[in-house]
Amino acid sequence: MSQTLSVEGAAPPARPTTPAPRRRNAPGGVARARQRFGWLFVAPFLVVFVTFLIVPLVYAFWMSLHTKTLALGERFTGFDNYAQAFSDPQFLQGVGFVIRFSLVLIPVQMLVSLAVALVLDALTDRLAKFARLMIFVPYAIPVVIGAMMWGFLYSPRFGPMADIFGLVGLDAPVMLSPDNVFAGLLNVVTWQWAGYYMIIIYAALRGIDPSIYEAARIDGATNTQIALRIKVPMISSALVLILVFALIGTLQFFTEPQILRSVAAGSIDAAFTPNLYAFTLAFSYSQFNYASAISFALGVVVFAGSYLFLFLTRKKSGLS
Amino acid sequence: MRSIRGQRRRRWLAAGIGAAVAVTGLTACSGGGGTTEGAEGAEGGETAEGDASGGGEAGCTNQIKVPDAEQVTVWAWYPAFESVVDLFNESHEDIQICWSNAGQGNDEYTKFSTTIEAGSGAPDVIMLETEVLPSFIIRDALVDLNEYGADEVKDNYSEGVWEDHSAQGGVYAIPVDGGPMGMLYREDLFQAAGITAPPTTWDEFAAAAQQLKDSGSEAVMADFPTNGRAFLQALFAQAGSEPYVFDPDNPTEVEINLDDEGTKKVVDYWFDLVDKGLVGTDDAFTTDYNTKLVDGSYATYLAAAWGPGYLSGLEGADPDAVWRAAPLPQWDAADPVQVNWGGSAFAVTSQSDNPEAAAVVAKEIFGTEEAWKIGIEEGALFPLWLPILESDYFRDLEYPFFGGQKINQDVFMEAAAGYEGFTFSPFQNFAYDKLTEQMFAALQGEKEPEQAVDDLHQQVVDYATSQGFTVN
């Protein structure tokens with residue numbers, strides 16, 4: 001899903017809209033035969049899709065309708081688990097956290113990646129190529145390794161923080177203390193993903209016809225005006241796309257807190273994010289049924305969030 | 001001109017995007033930034049299954065010596081365990097162990113828990129810490145070994161130890177190693193601060209801590225980790241805390257007393273030391289903590305019998321360190337209470353196709369002197385197998401790390417002999433997680449330590465109730 005979307009978002013103008021298929025004119029028999037062949041071609045993907053996504057989803061949903069306790073065994077309880085989930089303070093606290101986190105993270109990430117992409121688009125020398133690669137590199141590092149690395153960089157004993165702050169005579173902040181963990185994680189995620197979003201925006205920028213810039217320049221537009229008044233509006237669909245990516249990714253925040261938990265058990269508790277909570281419930285407390293319900297409840301939140309967002313931006317996104 | 005250049009660049013870029021998309025596809029699973037199906041990772045078990053190389057037909061870490069023999073899969077994380085496995089395989093014609101390390105502690109339990117839920121994938125024999133046995137017995141995940149001749153080896157273990165591994169009239173695991181507690185201390189740091197003898201009571205311990213600080217030493221007396229889990233539980237137990245009454249014969253009833261006087265006394269004692277700056281509060285088992293253990297940041301390490309092995313394996317040690325072992329300080333020197341931290345056993349899982357062969361492995365793998373010599377000398381394990389525990393060899397063993405001190409004789413054998421057993425809950429992992437949260441909240445000054453203990457009690461009671469237990 002992400003593949004097709006990113007290609008669409010990367011070069012929207014280059015893609016001519018295909019006329020709606022004129023089914024009425026085609027003889028019914030041929031269309032049906034074609035459809036059959038279509039299914040044949042889709043089949044390999046479909047088998048994988050059904051086996052590894054649809055079936056587990058249905059099974060998880062079935063599980064979420066049951067309750068299994070340590071003492072009493074399993075029984076059907078309908079939507080009780082969902083009622084419990086949406087009144088579970090730990091789940092709600094996690095949801096609150098990821099929402100607050102998205103509200104800060106997404107603008108920061110977008111501004112960073114947009115600014116970098118605009119600068120790189122304006123430059124054409126070798127340095128720009130090199131910079132583009134270096135900014136993208138963090139994305140090529142597996143998230144788990146990135147998180148572990150930052151765990152070390154944040155370490156008061158091994159990390160460089162104490163030395164850096166020592167130069168100006170300050171005490172280094174403990175980045176994973178309860179007060180700073182928000183900022184600490186914000187930094188890790190931005191570092192990891194800004195390069196990826198930058199590439200998407202950059203690709204969209206390269207898709208703009210340069211003659212538009214020439215026209216703007218003849219009309220007396222400055223570089224800043226070209227960037228803000230022409231480039232940004234023309235890539236708005238790419239911006240919406242990365243916003244949706246970032247929103248979904250952040251609401252499902254899991255890997256970084258899971259890794260950093262081992263060095264900051266106090267700041268990052270078992271219900272720090274909803275996904276972490278579902279993981280802990282299932283694998284540490286063996287509450288698989290309730291964990292399924294939490295996962296679906298999170299799915300509802302993610303769906304509602306993304307849908308609302310796409311609805312609000314339907315004019316800009318081109319995805320309506 | 002410009003447009004041609006632009007074209008070329010666009011083509012180049014398209015290739016770049018193609019590569020980027022390929023990377024996205026590859027990393028989608030690990031990225032956590034993928035699509036909504038990531039939310040189902042929790043039940044799909046992708047994390048657990050991804051590296052659970054141990055289960056079923058997967059390859060063994062060790063070499064199989066007799067290819068035609070019955071193979072028994074084993075999950076365990078003992079140090080130097082491969083030599084023990086080889087020893088077993090060389091001495092058995094009909095049964096061969098296929099061993100793999102499925103992770104330490106919780107990592108392994110997570111995988112085991114998943115296989116129980118899935119109904120397949122568990123090994124035949126699994127290493128479990130004694131504290132999690134009730135959690136797995138109540139899920140019918142383990143086999144009663146009385147049906148497979150556990151009686152034959154019963155006399156090789158002390159009564160209290162055997163009792164810790166029994167429930168419902170059955171025996172659910174064969175004991176391997178124990179964790180009687182003692183105090184490892186830096187004699188050089190003590191002497192530099194003018195502390196002539198190691199403290200024997202907690203009052204002396206606090207006084208020594210003060211003396212250490214007053215002497216201007218850079219070290220603090222010890223660490224009080226809020227994520228100490230079993231370590232904290234052991235300290236509470238030493239002051240008389242018996243948090244759970246749980247009888248697997250009556251598995252829907254549980255008694256919870258996490259807010260008893262003993263626990264509060266210990267918590268008040270340690271938070272007092274924390275307030276005075278006499279002890280550290282680093283999280284346990286992090287890289288920072290490991291380094292601080294050996295680089296002279298802490299003057300003592302309150303440890304189980306496996307602690308010396310842990311300590312001598314750490315990096316960044318102070319080369320001039322002089323380590324010695326002493327008994328754990330007591331609340332009442334006249335009435336010493338010995339406690340246990342950790343210790344493990346081998347259980348046979350209900351998923352085993354051949355529980356008979358699996359039981360043979362559980363009973364015999366650590367049932368020889370040769371195996372134990374490897375376990376003790378290379379793995380630093382503390383044996384519960386009486387033939388070696390009571391041997392002259394073990395009593396007189398000199399430990400170079402402690403300057404040749406006979407630490408078993410001086411400290412740990414007595415501690416093991418005085419240990420009277422402990423009852424864990426069938427939801428121990430939850431209780432430990434909440435303990436960590438509450439201790440951390442108290443450390444942050446969000447609440448008084450005693451209030452944290454009360455809140456912990458309430459949380460665990462609520463949880464037990466929600467799990468269908470009748471809480472007394």
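The contact between them draws 30 residues from domain 1 of chain B and 29 residues from domain 2 of chain B. Keep in mind that this is a predicted model. Here's what to look for as you turn it around.

**Chain B overall**

- Chain B has 21 helices and 12 strands.
- Of its 472 residues, 50% are buried.
- Take the contacts in chain B between residues at least 6 apart in sequence: 76% of them join residues at least 24 apart.

**How the two domains of chain B meet**

- On the side of domain 1 of chain B that touches domain 2 of chain B, the elements giving two or more residues are α6 (133-137), β6 (174-186), β11 (340-348) and α19 (407-418) of chain B.
- Among these, α19(B) supplies the largest share of that side, with seven residues.

**The nonpolar core**

- The largest nonpolar core counts 223 residues.
- The residues with the most contacts inside this core are I200(A), I201(A) and I294(A), along with F346(B), V361(B) and A362(B).
- Helix α8 of chain A (residues 181-206) is the top contributor to this core, giving 16 residues.
- Domain 1 (52-179 + 342-418) and domain 2 (181-340 + 423-471) of chain B both give residues to this core, so the core lies between them.
- As background, nonpolar side chains in soluble globular proteins tend to be buried together.

**A three-strand sheet in chain B**

- This open sheet runs in the order β7-β8-β12 (chain B), and its pairing is mixed.
- Its edge strands are β7 (244-246) and β12 (470-471) of chain B, each of which pairs on one side only.
- Strand β8 of chain B (residues 253-256) runs parallel to β12(B), and two bridges join them.
- To find that pairing in the model, look for V254(B), which stands opposite V471(B) in β12(B).
- Helix α21 of chain B (residues 449-466) lies across β8 and β12 of chain B, at about 175° to β8(B).

**A hairpin in chain A**

- Strand β1 (residues 66-69) and strand β2 (residues 73-76) of chain A are antiparallel partners, paired over four bridges.
- Three residues separate β1(A) from β2(A), and the two strands form a hairpin.
- One spot to check is T69(A), whose bridge partner in β2(A) is G73(A).

**Two helices in chain A**

- Is helix α11(A) largely enclosed or open? Of its 16 residues, 14 are buried, so α11(A) is largely enclosed by the rest of the structure.
- The length of α11 (residues 236-251) of chain A checks out too: at 1.5 Å a residue its 16 residues should span 22 Å, which agrees with the 22 Å between its end C-alpha atoms.
- Helix α9 of chain A (residues 210-218) includes P210(A).
- Is P210(A) buried or exposed? P210(A) counts as exposed because it has 12 C-beta neighbours inside 10 Å, and the cut-off for exposed is 12 or fewer.
- P210(A) and V112(A) are 98 residues apart along the chain, and their C-alpha atoms are separated by 24 Å.

Key:
Residues are numbered from 1 along each chain as its sequence is written. Chains are lettered from A and ligands numbered from 1 in the order in which they are written. This is a predicted model: local features need pLDDT of at least 70, side-chain atom pairs count only at pLDDT 80 or more; totals for chains, interfaces and linings use all residues. Two strands pair if DSSP finds at least two bridges between them. Two residues are in contact if their C-beta atoms, placed from the backbone, lie within 7 Å. Axes are lines fitted to C-alpha atoms, for helices over the stretch in contact, and angles run from 0 to 180 degrees between N-to-C directions. A residue is buried if 20 or more other C-beta atoms lie within 10 Å of its own, exposed if 12 or fewer, and partly exposed in between; C-beta atoms are placed from the backbone. A nonpolar core is a set of buried Ala, Val, Leu, Ile, Met, Phe, Trp, Tyr and Cys residues joined through C-beta atoms within 7 Å. Domain bounds come from an automatic or database domain assignment. The expected span of a helix is 1.5 Å times one less than its number of residues.
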